[in-house]
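Dear colleague,

Please find below the structure that I am handing over to you.

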Amino acid sequence: FLSLPLQAKMSRPVQARRLDGIDKNIWVEFVKLATTYSKVNLGQGFPDFPAPAFLQEALRGALGGENHMLHQYTRAFGHPPLVKVLAQFFEKLLGRELDPMTNVMVTVGAYQALFCCFQAFVDEGDEVIIIEPFFDCYEPMVKMAGGTPVFVPMRPKAPKDGKLMSSADWQLDPAELASKFSAKTKAIVLNSPNNPLGKVFSRGELELIAELCVKHDVLCISDEVYEWLVYDGRQHIRIASLPGMWDRTVIIGSAGKTFSATGWKVGWTVGPDRLLQHLRTVHQNSVYHCATIAQEAVAQGFQRELMLFGKPDSYFVQLPRELQQKRDLLVQSLVAVGMKPIIPEGTYFLVADISEFKSDVPDVPNSDEPYDYRFAKWMIKNKGLAAIPLSAFYSEAHKGSYTNFIRFCFAKEEATLKAANDILQKWKQEKTS
């Protein structure tokens with residue numbers, strides 16, 4: 001034993017097979033680029049304006065108040081005041097009675113809620129339908145659970161009369177969607193409002209998905225983190241409220257997006273106990289518990305919003321109004337420089353067509369790198385403006401069809417959007433001179 005070399009290295013593989021092929025992450029690369037080169041970062045999806053004053057005050061009160069137990073563990077599946085008020089809130093939204101202890105579970109952000117869903121429901125050989133474009137973690141999380149992602153893209157339909165395209169112009173083909181369901185299909189992931197496109201699925205589109213779920217006895221993982229961020233008078237419809245869907249749907253929400261506090265990492269799931277009991281098993285054997293003080297502050301935020309529900313002073317009424325103005329500012333800036341924005345119906349995000357900029361960043365023959373990746377990197381390094389390539393939100397099979405678009409985040413201070421406009425205006429002058 002003593003004669004063995006002290007520096008002996010392991011020779012066998014250490015990486016679990018479930019990590020094969022999912023080690024790369026676009027955010028690692030582009031966050032580093034943005035930090036190094038950009039003057040204005042419209043890439044990542046977080047606000048640079050403060051969380052509302054009432055939420056900050058709730059956190060300060062929880063931190064410095066007399067209830068010292070807020071510094072200790074709370075209930076593993078959700079701080080009782082938070083699950084109680086979430087149940088009350090979603091009773092209003094869904095029109096059904098909810099038990100806070102069995103129909104609601106708090107998670108470390110919506111990200112962990114998604115992870116719990118895939119780990120709890122997906123077995124080796126199960127197929128999970130993912131609608132494209134999709135939030136990029138869906139695919140690796142399905143694969144880590146042993147499942148097989150099955151992709152179905154929304155396709156754009158050109159608007160009439162030369163108008164700017166809307167996210168509503170991107171639609172699923174009903175026959176193509178139906179063809180993806182089979183005996184192997186365990187679940188479909190629905191993200192409405194959709195990141196990155198900003199699409200808010202219509203009642204008709206949701207009814208189509210619901211009918212297929214019921215027909216094939218399939219679960220629906222409904223990522224609704226942008227549920228309050230819808231514009232132009234549109235309505236967010238919860239698929240769990242449609243006939244036959246409550247019993248097969250897990251709703252995922254986020255205090256980060258709801259209250260503009262993404263760093264707090266408070267998320268939740270809402271659904272029937274027959275589904276949530278399995279999420280609780282994953283949760284208790286992974287993170288087990290979420291930060292008590294953050295949950296207490298979010299609970300107080302929801303209690304305020306419950307009293308102001310639907311009233312002009314509600315943050316859920318004010319925030320989308322403010323963000324719609326910011327969206328329109330960015331649209332004007334992008335149109336002025338020659339990009340073609342796709343007007344989002346919801347979320348933090350706006351996708352723009354960069355086809356007219358091929359002269360700025362020409363194609364490289366035989367390059368493996370998608371054009372939108374190369375363009376976004378060039379724009380960060382040469383213009384100081386950060387955005388994210390849209391093809392990052394597509395499967396390998398479909399990436400090549402969507403390489404003329406980039407995604408911007410407009411949930412920013414007006415000063416940030418003005419700085420972006422200044423960069424774009426200077427760019428425009430350089431192009432015309």
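Predicted model: local features only at pLDDT ≥ 70, side-chain atom pairs only at ≥ 80, totals over all residues.

Domains

The domain assignment divides the protein into domain 1 (17-51 + 315-432) and domain 2 (53-308). Their C-alpha centres are 25 Å apart. In the contact between them, 41 residues of domain 1 meet 49 residues of domain 2. The size of an interface is often given as the accessible area lost when the parts come together. For domain 1 and domain 2 the buried area is about 3,800 Å², and carbon and sulfur atoms give 61% of it. On the side of domain 1, the residues that lose the most area to domain 2 are A51, F316 and E345, which together make up 23% of what that side buries.

Two salt bridges are found across the interface of domain 1 and domain 2. E345 also takes part in a salt bridge, with R234 as its partner, and the closest N and O atoms of this pair are 3.0 Å apart.

The lining consists of 26 residues, and K24, N25, I26, Y373 and K399 are the closest to the centre of the pocket. Two or more lining residues come from each of helix 1 (26-37), helix 4 (109-121), helix 5 (138-144), helix 12 (371-383) and helix 13 (396-399). Helix 5 gives the most, with five residues. By class, the lining of the largest pocket has 13 nonpolar, two polar and eleven charged residues.

The second largest pocket has a volume of about 560 Å³. Domain 1 and domain 2 both contribute to its lining as well, so the second largest pocket also lies between them. Of its 24 lining residues, G45, Y111, F135, K257 and K265 are nearest the centre. Helix 1, helix 4 and helix 8 (255-258) each supply at least two residues of this lining, and the largest share, four residues, comes from helix 4. The classes here are eleven nonpolar, eight polar and five charged residues.

Cavities

Rolling a probe the size of a water molecule over the atoms shows where empty space is left. In the whole structure, the search finds two cavities of 30 Å³ or more.

The largest cavity has a volume of about 50 Å³. It is lined by F30, V31, A34, N41, G43, Q44, I380, A386, A387 and I388. Helix 1 gives the most to this lining, with three residues. Seven of the lining residues are nonpolar, three are polar and none is charged.

The second largest cavity has a volume of about 40 Å³, and its lining is made up of I131, Y138, V189, L190, N191, N194 and F201. Strand 7 (residues 185-191) gives the most, with three residues.

Salt bridges

Side chains of opposite charge can pair when their charged atoms come close. The structure holds 20 salt bridges. One of them joins R248 and D217, with the closest N and O atoms 3.2 Å apart. This pair links distant parts of the chain, 31 residues apart: R248 is in the loop between strand 8 (219-223) and strand 9 (249-254), while D217 is in the loop between helix 7 (203-216) and strand 8.

Backbone

Most residues other than glycine have a negative phi, and most peptide bonds are trans.

- The peptide bond between E132 and P133 is cis, with omega about -5°; P133 is in the loop between strand 3 (127-132) and helix 5.
- A cis peptide bond also runs from N195 to P196, with omega near 25°; P196 is in the loop between strand 7 and helix 7.
- D232, a residue other than glycine, has a positive phi, near 60°, and is in the loop between strand 8 and strand 9.

With kind regards

How values were computed
Residues numbered from 1 in each chain as written. Heavy atoms only, no water. 1 Å grid on protein atoms, 1.4 Å probe; cavity = no way out; pocket = protein on both sides within 12 Å on 5 of 7 lines; lining within 4 Å. Nonpolar A, V, L, I, M, F, W, Y, C, P; charged D, E, K, R; others polar. Points joined across faces, edges and corners; volume = space filled by probe spheres on them. Domains from an automatic or database assignment. Contact = heavy atoms within 4.5 Å. Buried area = accessible area lost by both parts, 1.4 Å probe. Salt bridge = Lys/Arg side-chain N within 4 Å of Asp/Glu carboxyl O.
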